[in-house]
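Open the model in your viewer and keep the sequence panel beside it. The tour goes from one selection to the next and says what is found at each stop.

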Amino acid sequence: MIELFNITKKYGNKTAINNISLFVRSGEVLGLLGPNGAGKSTTMRIIAGYLLPTSGSVKVAGFDVVKEPVTAKRHIGYLPENPPLYKDMTVCDYINFAAELRGLKGKDKAHHVNRVIEEVGIPDVKKRLIGHLSRGYRQRVGLAQALVANPQVLILDEPTVGLDPQQITEIRQLIKELSGKRTVILSSHILPEVSSLCHRVAIINKGNLIVENTPQNLGKSLMGHREIIVQI
Ligand code: ATP
């Protein structure tokens, strides 16, 4: 469902990610783990079609994200690390707005907006201003905008960062429920988080993919990468 071939991204002289290839099967949940500055957000933004790679290719649901971004993006829901939520909008208006940006109209739009409000558990706050919500609820709104067009692929960039422990538990539970129906890439710098949510974990460090394995077998693969173990 997601195919990354030899992706490199340079910012000027700096190589943020270096020749990364990754494949995610339909229905699979892949965790992208790495310390700060490893290249997680850069990788996620390239897969989501919000950043062009310097070289390499990306396909999502069979569509080339670089060459056919509009078509590919129909299949992708993306939650950036700091989603641009408009604090003066109500939850409902904001999700309607996100639906319109994805080309939904009329009854179809109303159906998907109502569906996603239920799916992420925010019916009780739908009339409230986003600026008045807790961070946990704001993250649910961020998930709602990503899911409003019912994409096959969900890309979640550090979805629990900045939340308190109770909110982290709730958002992890929600991600577990959402990922049962979709292909997911989830980034984090917390090993137990990706181990509990993901079928497979890819670890990047300084822009390089260094380890890829199931959570159960990750320990063996990490031998010899002590500098990473102390950071995740
Ligand atoms: P974090 O966990 O801190 O969000 P990350 O793993 O998501 O980190 P990236 O944000 O992808 O890492 O950054 C990878 C590298 O690319 C870092 O060294 C970062 O400083 C650099 N970088 C990211 N964006 C830019 C940019 N717009 N211009 C220049 N360098 C950048």
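Which residue is the bridge partner of Phe-5 in E4? Select Phe-5 and then Ser-57: Ser-57 is that partner.

Before going on, two notes on the model. It is a predicted one, in which local features need pLDDT of at least 70, side-chain atom pairs count only at pLDDT 80 or more, and totals for chains, interfaces and linings use all residues. Residues are numbered from 1 along each chain as its sequence is written, and side-chain values use heavy atoms, with hydrogens and water left out.

**Stop 1: the open sheet**

Helices (H or I, at least four residues) and strands (E, at least two) are DSSP runs, numbered from the N terminus. Two strands pair if DSSP finds at least two bridges between them. Select E2, E1, E4 and E5, which in that order form an open sheet of 4 strands with antiparallel pairing. Strand E2 (14–24) and strand E5 (63–64) are at the edges with a single partner strand each, so one side of each has no neighbour in the sheet.

Now show strand E1 (residues 2–11) with E2: the two pair in the antiparallel sense over 7 bridges. Along this pairing, Lys-9 stands opposite Ile-17 in E2, and Lys-10 has Thr-15 in E2 as its bridge partner. The hairpin of E1 and E2 has 2 residues between the strands, and Gly-12 takes a positive phi near 60° in it.

**Stop 2**

Select Leu-51, in the loop between helix H1 (40–48) and strand E4 (55–60). Is Leu-51 buried or exposed? Buried means under 20% relative accessible area, exposed over 50%, and partly exposed in between (1.4 Å probe, protein chains only). Leu-51 is buried, because its relative accessible area is 15%. Contact means heavy atoms within 4.5 Å. Not counting residues up to four places away in sequence, Leu-51 touches Lys-9, Tyr-11, Thr-42, Arg-45 and Ile-46.

Move on to Val-66, in the loop between E5 and helix H2 (69–73). Val-66 is partly exposed, with a relative accessible area of 36%. Apart from its neighbours within four places in sequence, Val-66 is in contact with Leu-52, Pro-53 and Val-58. For a distance to check in the viewer, take Val-66 and Lys-40: they are 26 residues apart in sequence and 19 Å apart in space, C-alpha to C-alpha.

**Stop 3: the nonpolar cores**

A nonpolar core is a set of buried Ala, Val, Leu, Ile, Met, Phe, Trp, Tyr and Cys residues joined through side-chain atoms within 4.5 Å. Select Val-91, Ile-95, Ile-122, Val-141, Leu-156 and Leu-186, the residues with the most contacts inside the largest core, which has 42 residues. A second, separate core of 26 residues includes Ile-17, Leu-22, Met-44 and Val-58. Back in the largest core, centre on Val-91. Among the residues that Val-91 touches, not counting those up to four places away in sequence, are Ile-122, Val-125, Ile-130, Leu-133 and Val-141.

**Stop 4: helix H6**

Select residues 165–179, which make up helix H6. In H6, Gln-167, Ile-168, Ile-171, Leu-174, Ile-175, Leu-178 and Ser-179 are buried. Look down the axis of H6: the buried residues fall within an arc of 130° (taken from the directions from the helix axis to the C-beta atoms), so they line one face of the helix. Pro-165, Gln-166 and Thr-169 are exposed on the face turned away from the buried side. Among the elements covering the buried residues are strand E3 (29–33), helix H4 (106–119) and helix H5 (135–147).

Finish this stop at Ser-179, which counts as buried at 9% relative accessibility. Leaving aside neighbours within four places in sequence, Ser-179 is in contact with Val-29 and Val-184.

**Stop 5: Arg-115**

Last, select Arg-115 in helix H4. Arg-115 counts as buried, at 18% relative accessibility. Leaving aside neighbours within four places in sequence, Arg-115 is in contact with Leu-147, Val-148, Ala-149, Asn-150 and Arg-182.

Note on methods: The expected span of a helix is 1.5 Å times one less than its number of residues.
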